There are 2 protein chains.
Amino acid sequence: MPNDVLRDYLIAPEPGAVRLTRRVVGTDHTGAETEISVVEERPLTIFLNSQEIVTAMTIGDYPEYLAVGFLRNQGMLRDDDVVTKVEYDDDLEVVVVRTERQTSYEEKVKKKTRTSGCAVGTVFGDMMEGLDKVVLPQVELRTSWLYALAHKINTTPSLYLEAGAIHGTVLCQEDRPLVYMEDVGRHNAVDKIAGWIFQEGVGPEDKILYTTGRLTSEMVIKTALMGIPVLASRSGFTAWGVEIARQVGLTCIGRMRGKRFVCLAGEERLVRDMDPDSVPEESCKNRRKSAE
Amino acid sequence: MPNDVLRDYLIAPEPGAVRLTRRVVGTDHTGAETEISVVEERPLTIFLNSQEIVTAMTIGDYPEYLAVGFLRNQGMLRDDDVVTKVEYDDDLEVVVVRTERQTSYEEKVKKKTRTSGCAVGTVFGDMMEGLDKVVLPQVELRTSWLYALAHKINTTPSLYLEAGAIHGTVLCQEDRPLVYMEDVGRHNAVDKIAGWIFQEGVGPEDKILYTTGRLTSEMVIKTALMGIPVLASRSGFTAWGVEIARQVGLTCIGRMRGKRFVCLAGEERLVRDMDPDSVPEESCKNRRKSAE
């Protein structure tokens, strides 16, 4: 059964990985001793060539993808940049991304916006500027894919199911989840996806991004800048997120639970090929509780 | 009934406030037109005297408390600082905090840590340093208070119940919720509480901080630096959060749902004065879904 769920994945969560969780002893509501799994959280300092850019608090897996994706999503790595090397030092908790082009982001590193999510170092004006040039393809989005994805993702063995308190982002194609990244910071999970796309040279135009997080302005902007035409979530929307999605023509699906969902932008891509009443309601037990 | 729930509050959420949510039209899973409430998200740029510190994405209420609390939690406003004026300009979306002392945080503004939560501008080394001096009082924490607080907070009319996609943080005393702040960024909600405490000159030693968010290292550090001895949450823990809580002697209660909870730090403050079996389980319907 788990094998069947994992069939489509190129990268799936590794809930059993030793470095990602820790067993901690405490007491429960009855006063009895209890031991639970909690997720790790460690600093990772990202350098672009010789410049220190940011220190991220992360669960610690895929540091190379996280670094490259962070720099991409901050506009510090351009489409045409050639990454010559990504060096990760486990002891120093440092990752260095080296490029052919000489880079300098003194000004950019100084200005910053604390987003809802919330990433550091995001220069909001800059991000909005890049949005002008975004043209998202008019692909179709079948509701049968959405329902299949939600079911597969929710039943995939994950750190969330093992230890909770973690966010997930999944890159999907049609009804297949391909790359499922988790992190204590939800923007880290998205950045790891962006890093994977950039490093592997994968086309975004036929992809769907599924997130456990809210559809905030920053999430919408990141998805659009990655060139992915569809963003879906179990969680809700912010007003500005919806506004930007409508401006750039991104399809935004939120509040996906059981047969229910709401589409607040990009409705024209939706192909309703499945009767919602044939979708089973989520049971109370299987409902994904909050990573928050 | 709502009046009864609201009795203890000095500041309660205002789910009906016009500026905080917007009605947005979309389609639902059946293809029918639907109109839902979504929370606002707008930029607020915080100045300390003449220096621009950060732009936060916020829902927009209590900008003065947010600014003061942010600066406090970043260590830029000291215990003995006198705030002479807090000026908020609604049109410019700017808030300026003025102090008697001349301030300059050029270095601090340049360095930054992207936390899991995740705040900008947090200089991690600095924050950990301040922790050495923290001595949290050995007050008692009755389990009857925890259960009463969870029930009251979950049934308080809120933006969360109205529109979802939002985090809440509540400053409490014994079994009484006092100040309930919500925001699209969960650290903004905590910062608004910190701003309220600083501006109103309220003592933290007999307080409890309840959050809908995870008990990450940053959340634990902020609570300890505010001098509050107890941090409670519906959500889970990170390993580093637990480690720091144990070091500073902060009581950490997580995974509070119905009669259940787990205590992973500061167990010695707990007074088990209530039979957990007398606490009703949360119904599936009332269960707080994720703000994530």
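Predicted model: local features only at pLDDT ≥ 70, side-chain atom pairs only at ≥ 80, totals over all residues.

Residues are numbered from 1 along each chain as its sequence is written, and chains are lettered from A and ligands numbered from 1 in the order in which they are written.

Select chain A, which holds 9 helices and 15 strands (DSSP runs numbered from the N terminus: H or I of at least four residues for helices, E of at least two for strands). Of its 292 residues, 53% count as buried, a residue being buried if 20 or more other C-beta atoms, placed from the backbone, lie within 10 Å of its own.

Next, select A:K192 in helix α7 (residues 186-200) of chain A; this lysine is buried, with 29 other C-beta atoms within 10 Å. Beyond its neighbours within four places in sequence, A:K192 is in contact with A:Y62, A:Y65, A:L66, A:G69, A:M181 and A:D183, where contact means that the C-beta atoms, placed from the backbone, lie within 7 Å.

Now move to chain B and select helix α2 (residues 63-73), of which 10 of the 11 residues are buried, so that the helix is largely enclosed by the rest of the structure. Its buried residues, among them B:Y65, B:F70 and B:R72, pack against elements of chain B including β3 (42-48), β4 (51-58), α7 (186-200) and α8 (217-225). Finish at B:G75, which follows α2(B) and has a positive phi, near 75°.

Technical notes. Buried ≥ 20, exposed ≤ 12 C-beta atoms within 10 Å, placed from the backbone. Contact = placed C-beta atoms within 7 Å.
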